[in-house]
Amino acid sequence: MGSLNNTASFESSPEMEKFLCDRLLDQNQPISKRFRALFSLRNLKGSAPRNALILATRDSSNLLAHEAAFALGQMQDADAVPALEAVLNDLSLHPIIRHEAAEALGAIGLESNVPLLRNSLASDPAQEVRETCELALERIEQLKVDSGKSTIEKSPFMSVDPAAASASCSSVAQLRDVLLDEEKGMYERYASLFALRNNGGVEAVAAIIDSLGSKSALLKHEVAYVLGQLQNKAASAALSSILKDVNEHPMVRHEAAEALGSIADDESISLLKEFASDSEPIVSESCEVALSMLEFERSGKSFEYLFMQAPLVQ
């Protein structure tokens, strides 16, 4: 799961597009600068941004590669499907990248994606990838069910979520019970998670934090992502514990790091600086990117704004 919410698309000159594509794919650039290029490209339409992101899914940085796959899903660009299918089927790639390709295929939502997702659900060796395929398949099925509705509820966080939030009539206590129930299906638990996120109250946030004790690395990574969206300081201690736990799955620690960057209290920032030298690159790069994001946010500028100005300093 990626680190920024969707923003509105914007127009760019061919020169700007080329700069961003080149910056994204330049492995000599710091990871933080490459991520800023990625965030900008995600808001552009057309073949050049899409093709650069597709190339980035094969990057030597697993973190950047997975974020590129996430971006293609958030863009909901059907032309990216063949490349995402190839990523999903390539078992030489890190599971975090294959997982994100599966989620992206669910986000794009084409019924023609069903057979390939079913194939990976049955055959992928990584549990987190199989669980993501399960989610993606149920999302596509839900889109079919919802297609006749006059209005479909959108995420208030402007993200293409892997599951639709549970019906608003569910109480926080009911949603908490489903989220924490290890016997429930992953889609149902995700749906409860997003409903609790959309509620955003004290009890809802507490329930989300409690679910960080789940057995599923996939669910825990999404919980950390959601806590980053909420930017609630009540989650700092639990997220810090996850980042410090070297035995935790890297995809969970990575999301915890980015969430701490969003919360951005002094203790979180200190921890990110400490773990920017973590032995796991997915974690260390996440800390580096989170600190860079925070620096730019505190400067009062957005990533996109920086890249839309000329002249650019390389």
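The largest cavity in this structure is lined by E103, G106, A107, T132, L135, A136, R139 and P162. Keep in mind as you look around that this is a predicted model. The protein has 17 helices and zero strands, and 57% of its 314 residues are buried.

**The cavity**

- The structure holds one cavity of 30 Å³ or more, and the volume of the largest cavity is about 40 Å³.
- Two helices, helix 6 (95-108) and helix 8 (127-146), each supply at least two residues of the lining of the largest cavity.
- Helix 8 gives the most to that lining, with four residues.
- Sorted by class, the lining of the largest cavity has four nonpolar, two polar and two charged residues.

**Overall fold**

- Among contacts in the protein with a separation of 6 or more, 71% are between residues 24 or more positions apart.

**Salt bridges**

- The structure holds 14 salt bridges, and a few of them are worth a visit in your viewer.
- As background, side chains of opposite charge can pair when their charged atoms come close.
- Within helix 8, which also contributes to the cavity lining, the side chains of E141 and K144 meet in a salt bridge at 3.7 Å, N to O.
- E141 and K144 are three residues apart in helix 8, about one turn of the helix.
- E141 is partly exposed at 43% relative accessibility, and K144 is likewise partly exposed at 38%.
- R176 forms a salt bridge with D210, and their closest N and O atoms are 2.8 Å apart.
- This pair links distant parts of the chain, with R176 in helix 9 (residues 172-180) and D210 in helix 11 (residues 202-210), 34 residues apart.
- Both partners are partly exposed: R176 has a relative accessible area of 31%, and D210 has one of 41%.
- E182 and R189 are joined by a salt bridge through their side chains, at 3.2 Å, N to O.
- In this pair, E182 is partly exposed at 31% relative accessibility, whereas R189 counts as buried at 2%.
- R50, D77 and D79 are linked in a network of salt bridges.

**A buried arginine: R197**

- R197 is found in helix 10 (residues 186-199).
- Is R197 buried or exposed? With a relative accessibility of 1%, R197 falls under the 20% cut-off and so counts as buried.
- Which residues does R197 touch, leaving aside its neighbours within four places in sequence? R197 is in contact with S155, P156, F157, S159, D161, I208, V226, Q229 and L230.

**Cysteines**

- How many disulfides does the structure hold? The count is zero disulfides.
- C133 is buried, with a relative accessible area of 0%.
- C287 also counts as buried, at 0% relative accessibility.

**Positive phi in two loops**

- Q76 has a phi near 55°, a positive value in a residue other than glycine.
- Q76 sits in the loop between helix 4 (62-75) and helix 5 (81-89).
- The relative accessible area of Q76 is 41%, so Q76 is classed as partly exposed.
- Q231 also has a positive phi, about 55°, although it is not a glycine.
- The loop that holds Q231 runs between helix 12 (217-230) and helix 13 (236-244).
- Q231 is partly exposed as well, with a relative accessible area of 46%.

Note on methods:
Residues are numbered from 1 along each chain as its sequence is written. This is a predicted model: local features need pLDDT of at least 70, side-chain atom pairs count only at pLDDT 80 or more; totals for chains, interfaces and linings use all residues. Side-chain values use heavy atoms; hydrogens and water are left out. On a 1 Å grid over the protein atoms alone, a cavity is a set of points where a 1.4 Å probe fits but cannot get out, and a pocket is an open set with protein on both sides within 12 Å along at least five of seven lines; lining residues have an atom within 4 Å of a point. Grid points are joined across faces, edges and corners, and a volume is the space filled by probe spheres set on the points. Ala, Val, Leu, Ile, Met, Phe, Trp, Tyr, Cys and Pro count as nonpolar, Asp, Glu, Lys and Arg as charged, and the others, Gly among them, as polar. A disulfide is a pair of cysteine sulfur atoms within 2.5 Å. Buried means under 20% relative accessible area, exposed over 50%, partly exposed in between (1.4 Å probe, protein chains only). Contact means heavy atoms within 4.5 Å. A salt bridge is a side-chain nitrogen of Lys or Arg within 4 Å of a carboxyl oxygen of Asp or Glu.
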